[in-house]
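Subject: Structure handover

Hello,

Here is the structure I said I would pass on. My notes on it follow below.

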Amino acid sequence: MSSLVPALLPSDEEQHIRDAVAAICARYGRDYMRAKVEAGEPADELWDELAAQGFLGVNIPTEYGGGGLGMLELAAVGEEIAAAGCSLLLIVVSPAIVGTILAKHGSEEQKQRWLTGIGAGTTKIAFAITEPDAGTNSHNLSTSLTPVDGGYRLNGQKVFISGIESADHILVVARMRGESGLGLPAPVVIDTNAPGLRRTPLPMAVRGTDKQWQLFFDDVEVTPDRLVGGEERGLRLLFDGLNPERIMGAAISNGIGIRALAQASEYARSRTVWQAPIATHQGIAHPLAEAKIELELARLMTRKAAALYDAGAKGAGEAANMAKYAAAEAAIHCVDRAIQTHGGNGFSLDYGLTDLYWGARVARTAPVSREMVLNYVAEHSLGLPKSY
């Protein structure tokens, strides 16, 4: 029974983290984020305050400056940030993906060099895996890492890469080039100002402080000390970071759902039509109640995924995929019903629900599409024939 407690109830430590993060984010909130979006600036003040309090590295081992906790606690941080109407996309990328990969597979020198900064929140490392012609098929990556005297040459391109404008470095997933062609994936860390790296911004419907970029690598020099995990680790190394990405994506979706329902409920209680608050009508109340149930189920699945991952237990990957799927669908429904509750005001930028909608809607597609999650569950959970 005791082994189930972390998946069901927050510990005192987790609750303290939630309360503290919520209090910090409440001092910023939607107005702060909107001002940053309009100015085209990153939310550095919020990031720096959360980092100074140790909340952006709670999952990083203590010997490298982190909190020594796990994905359960980092997911709590991500959920509270989103529930406050704020957005820090790099928390998914730097501590969750890159931090986990470095903690599990980096050399001691690499951990001291990069992981300590991630743990303190003073170093931001972006993650680049998606390519225009590969999509979700990581086996089809064409960005190459070619051995040369003294190291490697990196060539290729990536797309939909988050937060490059704020990052110090990028963990780039390339494939080692050998005599027989491209081989296994090989992650390397490069600087965002490395010679041979070009970047162009991608205009997006999602209004956030973290921009999306297309990257081009033209004979970028990579020294051997920047290769993470050696030349033969392959996809297994990557999924040590991609499962945390799914968990964090679920946590942020849950936070969006929490905020949408809180705003809708407050509006429904205060908005009076036909001499009574609209919340008294089941046509308003029931859709919100259904969304609340769906959201709480998604939150529970997210807790299960994080607890399994932290325990190194079997089924963590399955749970992470299910949590990501459930949270994305729940968030979309929460925001949609919040918009409907607000009527015409739901489409006003002043209410911020359209911003929430795009933040929720993108989670159905990224970081892995709902269709690929369903493929995974059909094959791995139900034992059905592979369909792709």
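I call a residue buried when its relative accessible area is under 20%, exposed when it is over 50%, and partly exposed in between (1.4 Å probe, protein chains only). This is a predicted model, in which local features need pLDDT of at least 70 and side-chain atom pairs count only at pLDDT 80 or more, while totals for chains, interfaces and linings use all residues. Residues are numbered from 1 along each chain as its sequence is written, and side-chain values use heavy atoms, with hydrogens and water left out.

Thr-143

With a relative accessibility of 0%, Thr-143 counts as buried. Thr-143 sits in the loop between strand E1 (125-128) and E2; strands (E, at least two residues) and helices (H or I, at least four) are DSSP runs numbered from the N terminus. Its side chain makes a polar contact with the side chain of Glu-131 at 2.7 Å. For a polar contact, two N or O atoms must lie within 3.5 Å; within protein, one must be able to donate a hydrogen and the other to accept it, and residues adjacent in sequence count only if both atoms are side-chain atoms. A polar atom of the Thr-143 side chain also lies 3.2 Å from the backbone oxygen of Gln-157.

Strands

E2 (residues 144-148) pairs with E3 (residues 151-162) in the antiparallel sense over five bridges; pairing requires that DSSP finds at least two bridges between the strands. Pro-147 stands opposite Tyr-152 in E3. Two residues separate the strands in this hairpin, and Gly-150 takes a positive phi near 85°. E2 also pairs with E4 (residues 169-178), in the parallel sense and over two bridges. Leu-145 has Met-176 in E4 as its bridge partner.

Cores and H6

A nonpolar core here is a set of buried Ala, Val, Leu, Ile, Met, Phe, Trp, Tyr and Cys residues joined through side-chain atoms within 4.5 Å. The largest has 88 residues, and Leu-46, Leu-50, Ile-81, Ile-91 and Phe-127 have the most contacts inside it. Helix H8 (residues 235-270) gives the most to this core, with 14 residues. Another core, of 23 residues, lies apart from it and includes Leu-154 and Ile-164.

Helix H6 (residues 90-105) bends by about 35° at Gly-99, the bend being the angle between axes fitted to the seven residues ending there and the seven starting there. Of the 16 residues of H6, 14 are buried, so the helix is largely enclosed by the rest of the structure.

Regards
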